[in-house]
Amino acid sequence: MSQSTLDDDELFGEAASEMREDVEESLAAARESLPAADDIWEVEADNTLGVLNALRSALDTGDAEEHLRDAKKWYTMGERADAFEDADDLEEAIADVADLLEDIEAAHEQVGDLTSTVPQLRSALEDADEDADADTDADADTAEA
């Protein structure tokens with residue numbers, strides 16, 4: 001075997017290691033960008049809308065999607081180049097982070113919907129209470145007459 005072949009194999013192995021490191025670093029950065037469990041569980045607010053707004057803010061995923069995209073990009077390059085000896089762990093880690101990110105984004109959307117619905121519901125209930133009070137007052141005036 002010639003020296004250039006050994007050098008090429010060594011360089012390829014080095015590149016493969018670097019790709020794996022890039023995937024792992026991007027996955028770690030994605031995980032770090034996700035909200036902390038306590039941040040979505042413990043909120044302080046004076047009312048329901050305040051709780052919902054705090055929760056919606058806590059569900060912000062920051063740069064997690066961008067980091068996950070980087071991890072997928074490096075993983076795909078490594079897979080296509082057949083650079084990884086065993087990439088099952090990377091594939092599983094990417095899928096886990098993607099699933100978690102999807103769940104958080106769905107929760108964020110649901111909380112956003114509630115954030116806009118709750119004030120409307122409160123207003124409708126206040127209007128219904130005012131209508132009921134007006135009807136009660138009108139019935140009382142009619143009974144007195």
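Modeller: Let's start with how elements get named: helices (H or I, at least four residues) and strands (E, at least two) are DSSP runs, numbered from the N terminus. Here the pattern along the sequence reads α-α-α-α-α. This is a predicted model, where local features need pLDDT of at least 70, side-chain atom pairs count only at pLDDT 80 or more, and totals for chains, interfaces and linings use all residues. Residues are numbered from 1 along each chain as its sequence is written, and side-chain values use heavy atoms, with hydrogens and water left out.

Colleague: How many helices and strands does the protein have?

Modeller: The protein has five helices and zero strands.

Colleague: What share of the residues is buried?

Modeller: Buried means under 20% relative accessible area, exposed means over 50%, and partly exposed is in between (1.4 Å probe, protein chains only). In this protein, buried residues make up 20% of the 145 residues.

Colleague: How do I read the buried side of a helix, say in α4?

Modeller: Look at which way the residues point. In α4, the buried ones are Ala64, Leu68, Ala71, Tyr75 and Gly78. They cover an arc of only 90 degrees around the axis, so they sit on the same side of α4. That arc is taken from the directions from the helix axis to the C-beta atoms. On the face turned away from the buried side, α4 carries the exposed residues Glu66, Arg69 and Arg80.

Colleague: How does the span of α4 compare with what it should be?

Modeller: The expected span of a helix is 1.5 Å times one less than its number of residues. For the 17 residues of α4 that gives 24 Å, and the end C-alpha atoms are 24 Å apart, which agrees. After α4 comes aspartate 82, with a positive phi near 55 degrees.

Colleague: How many salt bridges does the structure hold?

Modeller: A salt bridge is a side-chain nitrogen of Lys or Arg within 4 Å of a carboxyl oxygen of Asp or Glu. The structure holds four of them. One of them joins the side chains of arginine 20 and aspartate 89, at 3.2 Å from N to O. Arginine 20 is in helix α1 (residues 3–33) and aspartate 89 in helix α5, so this pair ties together parts that are 69 residues apart in sequence. Aspartate 89 is partly exposed, at 42% relative accessible area.

Colleague: Is threonine 115 buried or exposed?

Modeller: Threonine 115 is buried, at 9% relative accessibility. This residue belongs to helix α5 (residues 88–144). A polar atom of its side chain lies 2.7 Å from the backbone oxygen of valine 111.

Colleague: Which residues does threonine 115 touch?

Modeller: Contact means heavy atoms within 4.5 Å. Leaving out residues up to four places away in sequence, threonine 115 touches Leu49, Leu52, Asn53 and Arg56.

Conventions:
A polar contact is a pair of N or O atoms within 3.5 Å; within protein, one must be able to donate a hydrogen and the other to accept it, and residues adjacent in sequence count only if both atoms are side-chain atoms.
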